[in-house]
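Student: I am new to this structure and would like to go through a few of its features. Could we start with the terms that we shall need?

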Amino acid sequence: MNLFRLLLLLAALLAVPAASWSYGVERQGEAYFWHKYDDKPSVALRPDQGRAAFERVNAPANVILTGLGPSEGQTLTLDRTGMRQVLDLLGKADPLPDDCPGVPLFGYKSARQGDSTVLLVAVDAADTPGSRVYMAELRADARGLKSKSLRSSQAVHAGIATQSGLRLGLTRAQVAAILGWPQHEDKKSMEYGAVQEQAFSPDEIRARGHEKDAGGGPASVYRVIHLAFDKESRVSRLWLYHRVSWDTPLANPAGMGRPASRTPHPSGEDIPFGNWRIVEMDVKNLWRGLLPPVYRLVPMKDGTLERVKAMGRDPKDFSIRGEGPADPDSDGFIVLPLKARTDLRQGRGSLLRTQP
């Protein structure tokens with residue numbers, strides 16, 4: 001079903017420019033699309049060019065960290081290593097304090113003399129036997145973090161690298177030699193991304209703790225590699241993300257819930273009627289719980305913003321996302337499956353109109 005039918009009860013689209021964020025190369029069957037940044041339109045790539053870029057980013061070796069442990073002979077693999085293995089390998093630690101207990105983040109700093117390396121690891125489905133690491137980040141130091149919350153570990157050191165050769169200290173040319181052309185690059189960073197739908201066997205789905213999805217369709221698979229550079233143009237942060245998700249089926253076009261802890265607007269609206277600019281959110285801001293693409297709805301100054309303020313709501317609270325409406329923070333969200341959210345990229349340069 002196309003996006004506009006899914007939103008028929010909720011919205012109409014108007015031709016007005018809109019900003020957007022995206023993150024890499026998407027594979028749709030044998031077709032490949034490069035989703036660019038800012039307000040630039042997505043580009044259909046030649047099959048050979050798209051396949052080469054996608055496969056280079058999506059190579060398994062890019063998400064296998066090597067050289068871990070006191071003997072530097074152990075590995076950590078995104079989408080394979082579980083929480084118990086993380087704690088056995090890096091040391092038992094409490095999750096870092098945040099508001100996402102279901103996807104705990106563990107932080108480690110090197111216990112080796114003169115080594116300031118930090119390793120952050122996030123685990124999905126932490127309370128199930130199918131827990132998997134989906135994010136790992138290497139940092140040259142603890143700058144920007146609460147160092148006291150990080151556990152000292154002999155297993156963490158500056159020599160950790162991916163099996164493909166990504167590590168701290170690389171130049172831009174060395175990164176490109178491994179990953180090819182970046183899907184986004186600026187003065188401070190390079191970013192690569194790959195997204196696709198992939199079918200999994202019922203046994204594999206159950207092993208991941210998704211029994212309820214064992215009879216459903218393919219999952220959405222996201223891969224992002226983000227590299228930040230220091231003043232000498234050397235990699236100072238290496239951020240690896242690989243996540244598999246079965247989108248919640250769409251129960252209704254709005255898919256919105258309202259927690260009892262929040263007083264609804266007298267009109268009964270979760271999202272006030274009016275016009276909203278659609279802005280796709282940068283994936284780096286979503287890794288703690290949400291899955292791309294996620295869109296922020298920015299209320300226009302045509303009366304919509306005033307209605308938002310009259311509800312006592314933050315104008316940044318309204319989004320389109322793929323998580324289920326049972327989420328306790330779901331009021332003000334439009335819940336759509338992956339296909340609809342992906343199609344929404346093609347509505348770039350549009351406003352979303354909600355109606356009472």
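Tutor: Let us begin with burial: a residue is called buried when its relative accessible area is under 20%, and exposed when that area is over 50%, with partly exposed in between. Please keep in mind that this is a predicted model.

Student: Then is T117 buried or exposed?

Tutor: T117 is buried, because its relative accessible area is 2%, and the cut-off for that class is under 20%.

Student: Where is T117 placed?

Tutor: T117 sits in the loop between β7 (105–110) and β8 (118–124).

Student: Which residues is T117 in contact with, leaving aside its neighbours within four places in sequence?

Tutor: The contacts of T117 beyond those neighbours are Y108, K109, S110, L138, R139, A140, V156, H157, A158 and L168.

Student: Let us turn to T162. Where is its place, and is T162 buried or exposed?

Tutor: T162 belongs to strand β11, residues 161–162. With a relative accessible area of 3%, T162 is buried.

Student: What does the side chain of T162 make a polar contact with?

Tutor: The partner is the side chain of S164, at 2.8 Å. Not counting residues up to four places away in sequence, T162 also touches A61, N62, I64, L65, T66, L238 and L240.

Student: L65 is in that list. What is the bridge partner of L65 in β6?

Tutor: L65 is paired with L76. The strands concerned, β5 and β6, run antiparallel and are joined by three bridges. Together they form a hairpin with five residues between them.

Student: Which residue in the turn has a positive phi?

Tutor: G69 has a positive phi of about 90°. E72, found in the loop between β5 (64–68) and β6 (74–77), has a phi near 60°, which is a positive value in a residue other than glycine. E72 is partly exposed, with a relative accessible area of 38%.

Student: What about the phi of D79?

Tutor: D79 is not a glycine, yet its phi is positive, at about 70°. D79 lies in the loop between β6 and α3 (83–90). D79 counts as buried, because its relative accessibility is 10%.

Student: Now for the spaces inside. How many cavities of 30 Å³ or more does a search of the whole structure find?

Tutor: The search finds three. The largest cavity has a volume of about 110 Å³. Its lining consists of twelve residues, and D79, D124, R132, R208 and V244 lie nearest its centre. Two or more lining residues come from each of β9 and β15, and β15 gives the most, with three.

Student: How does that lining divide by class?

Tutor: The lining of the largest cavity has five charged, four nonpolar and three polar residues.

Student: And what of the second largest pocket? How many residues line it?

Tutor: The second largest pocket is lined by 17 residues, with A228, F229, D230, S236 and R237 nearest its centre. The elements giving two or more residues to this lining are β9 (132–139), β14 (219–229) and β15 (235–245). The space in this pocket is about 460 Å³.

Methods
Residues are numbered from 1 along each chain as its sequence is written. This is a predicted model: local features need pLDDT of at least 70, side-chain atom pairs count only at pLDDT 80 or more; totals for chains, interfaces and linings use all residues. Side-chain values use heavy atoms; hydrogens and water are left out. Helices (H or I, at least four residues) and strands (E, at least two) are DSSP runs, numbered from the N terminus. Buried means under 20% relative accessible area, exposed over 50%, partly exposed in between (1.4 Å probe, protein chains only). A polar contact is a pair of N or O atoms within 3.5 Å; within protein, one must be able to donate a hydrogen and the other to accept it, and residues adjacent in sequence count only if both atoms are side-chain atoms. Contact means heavy atoms within 4.5 Å. On a 1 Å grid over the protein atoms alone, a cavity is a set of points where a 1.4 Å probe fits but cannot get out, and a pocket is an open set with protein on both sides within 12 Å along at least five of seven lines; lining residues have an atom within 4 Å of a point. Grid points are joined across faces, edges and corners, and a volume is the space filled by probe spheres set on the points. Two strands pair if DSSP finds at least two bridges between them. Ala, Val, Leu, Ile, Met, Phe, Trp, Tyr, Cys and Pro count as nonpolar, Asp, Glu, Lys and Arg as charged, and the others, Gly among them, as polar.
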